[in-house]
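The following note goes through the model point by point for a colleague who has it open. Please read each paragraph beside the structure.

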Amino acid sequence: MKYYFDEIIDRHGTNSIKYDKMPVFFGRSDLQPLWVADMDFATPDFILNDLKKRLEHPILGYTLRKDSFYNSYINWAAKRYRWQVDKTWLDFSPGVVGALGISILALTREHDKIIVQPPVYHPFFDIIKGNNRQLVENPLIKQKNGRYRMDFDHLTSVIDDQTKMIIIANPHNPVGRVWQADELQKLGEIAVKNNLIIVSDDIHADFVYTPHQYTPLAGLSKAIAQQTITITSPSKTFNIAGLSTSIVIIPNEKYRLAYQRKLHDMHLFLGNIFGNIAFEAAYNNGEAWLEALLEYLQNNIRFVTDYLKQHIPNIQPVQPEGTFLMWLDFSNTGLTHEQIKDKLINEAKIALNDGLSFGKNGEKHFRMNIASPRKNLEMALKKLEIFQ
Ligand SMILES: Cc1ncc(COP(=O)(O)O)c(C=O)c1O
């Protein structure tokens with residue numbers, strides 16, 4: 001392999017949230033961090049080199065995004081997802097969660113209802129409640145084989161006149177589902193029928209493992225596209241989350257103008273020099289690196305799955321179809337959620353994301369980030385043997 005994902009890079013002391021903020025979240029700093037969703041792999045050279053080149057010029061003033069910025073995503077979407085995106089649909093956001101917040105403020109009113117599908121990425125809850133909208137839960141159903149699915153009957157039953165929006169993650173964090181075209185079609189039809197806006201957070205779109213395929217919801221039909229706001233970024237794919245640069249794709253002109261107005265009212269449209277450069281470099285040059293990364297991650301998933309099966313069958317992983325996150329079920333340990341959590345932190349000394357932060361149905365589950373050199377995972381799994 002041309003790329004070296006086995007390299008262990010010390011990130012302590014780099015102001016990394018994953019490494020340097022553990023005392024705040026876990027009460028101690030001596031844990032192995034497998035929580036926050038960024039990767040322990042070096043950002044690829046074709047991005048770092050473009051950033052270094054820009055630093056050869058000594059002035060870092062205001063910057064603009066040229067057509068080439070948006071074209072890099074349009075070409076990537078056509079090649080990787082077979083999705084034809086029109087340039088007029090695109091705009092910017094200084095972050096995916098930020099774009100969720102702007103969309104909520106632009107397109108719903110206070111006390112409107114917004115639906116989420118827990119267990120789900122916890123900032124979805126915060127951004128809805130923090131902006132004084134009503135949070136409505138449409139929990140995913142965990143099937144016998146551990147695979148989650150959407151509950152369309154329940155979804156239809158919770159929609160009323162006050163319900164204006166649903167936020168989904170595709171692929172889904174933390175359960176690793178890559179929503180299939182038929183599932184998205186069903187969801188899209190419900191949204192069209194009830195005039196719901198679907199905000200699809202597709203930040204993990206590039207992490208999909210064969211035979212699964214990422215389907216952009218807005219690519220399914222014109223009617224569904226008109227109800228959909230897609231938000232994405234190369235930040236997870238190329239490990240550049242610290243550059244806070246993402247885009248929104250809004251085919252519906254009315255929604256797009258409302259989004260743009262809010263973005264401008266809050267003066268959040270500028271972006272930053274390095275984010276723009278990294279975004280373009282990633283989408284223009286990233287395919288070969290991404291293919292190698294996906295192979296490495298797939299082997300990591302296999303490694304963790306086999307290890308747990310052989311040595312710690314009490315911990316049952318949900319097989320991820322996408323993302324670099326593994327959703328681990330500790331129910332068979334016979335311990336309470338709090339006991340599991342305490343053992344993870346104070347005995348195994350591993351920092352995983354608490355399943356309950358993703359919703360009530362995350363009880364006895366914890367999320368492990370497997371985008372780390374295999375040696376790190378091996379070390380973590382050995383420590384997890386206390387749950388045997
Ligand atoms: C589903 C999902 N959306 C958004 C984000 C964060 O995006 P941003 O940092 O651009 O706000 C994450 C990060 O873990 C995520 O998993």
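1. In the second largest pocket, helix α12 supplies the largest share of the lining, 4 residues, and both α4 (67–81) and α12 (287–311) give at least two residues each. Helices here are DSSP runs of H or I with at least four residues, strands are runs of E with at least two, and both are numbered from the N terminus. The pocket holds about 460 Å³ of space, a volume being the space filled by probe spheres set on grid points that are joined across faces, edges and corners. A pocket is an open set of points on a 1 Å grid over the protein atoms alone, where a 1.4 Å probe fits, with protein on both sides within 12 Å along at least five of seven lines, and its lining residues have an atom within 4 Å of a point.

2. The model is a predicted one, in which local features need pLDDT of at least 70 and side-chain atom pairs count only at pLDDT 80 or more, while totals for chains, interfaces and linings use all residues. Residues are numbered from 1 along each chain as its sequence is written, and side-chain values use heavy atoms, with hydrogens and water left out.

3. The axes of α4 and α12 come within 13 Å and cross at roughly 45°, which makes α4 oblique to α12. Axes are lines fitted to C-alpha atoms, for helices over the stretch in contact, with angles from 0 to 180 degrees between N-to-C directions; angles under 35 degrees count as roughly parallel, over 145 as roughly antiparallel, 65 to 115 as roughly perpendicular, and the rest as oblique. The crossing of α4 with α12 is right-handed, a term for a near helix turned clockwise from the far one by less than a right angle. W76, K79 and R80 of α4 meet E287, L290, E291 and L294 of α12, contact meaning heavy atoms within 4.5 Å, and these residues divide into 3 nonpolar, no polar and 4 charged.

4. Helix α5 (residues 96–107) packs with helix α6 (residues 123–130) at an angle of about 30°, their axes 10 Å apart, and α5 is therefore roughly parallel to α6. This crossing of α5 and α6 is also right-handed. The contact is formed by V97, L100, G101 and I104 of α5 together with P123, F124, I127 and I128 of α6, a set made up of 7 nonpolar, 1 polar and no charged residues.

5. With helix α10 (residues 253–265), α5 has axes that come within 9 Å and cross at roughly 110°, so α5 is roughly perpendicular to α10. Here too α5 passes α10 in a right-handed crossing. On the α5 side the contact involves A99, I102, S103, L105, A106 and L107, and on the α10 side Y255, A258, Y259, K262 and L263; by class there are 9 nonpolar, 1 polar and 1 charged residues.

6. Some backbone geometry deserves a check, since most residues other than glycine have a negative phi and most peptide bonds are trans. P118 and P119 are joined by a cis peptide bond with omega about 0°, and P119 is in the loop between β3 (113–116) and α6. T210 and P211 are likewise joined by a cis peptide bond, with omega about 10°, and P211 lies in the loop between β8 (197–201) and α9 (222–226). N195, a residue other than glycine, has a positive phi near 55° and is found in the loop between α8 (181–194) and β8.

7. I277 belongs to helix α11 (residues 273–285). Leaving aside neighbours within four places in sequence, I277 is in contact with D50, L51 and R54.

Notes
Nonpolar A, V, L, I, M, F, W, Y, C, P; charged D, E, K, R; others polar.
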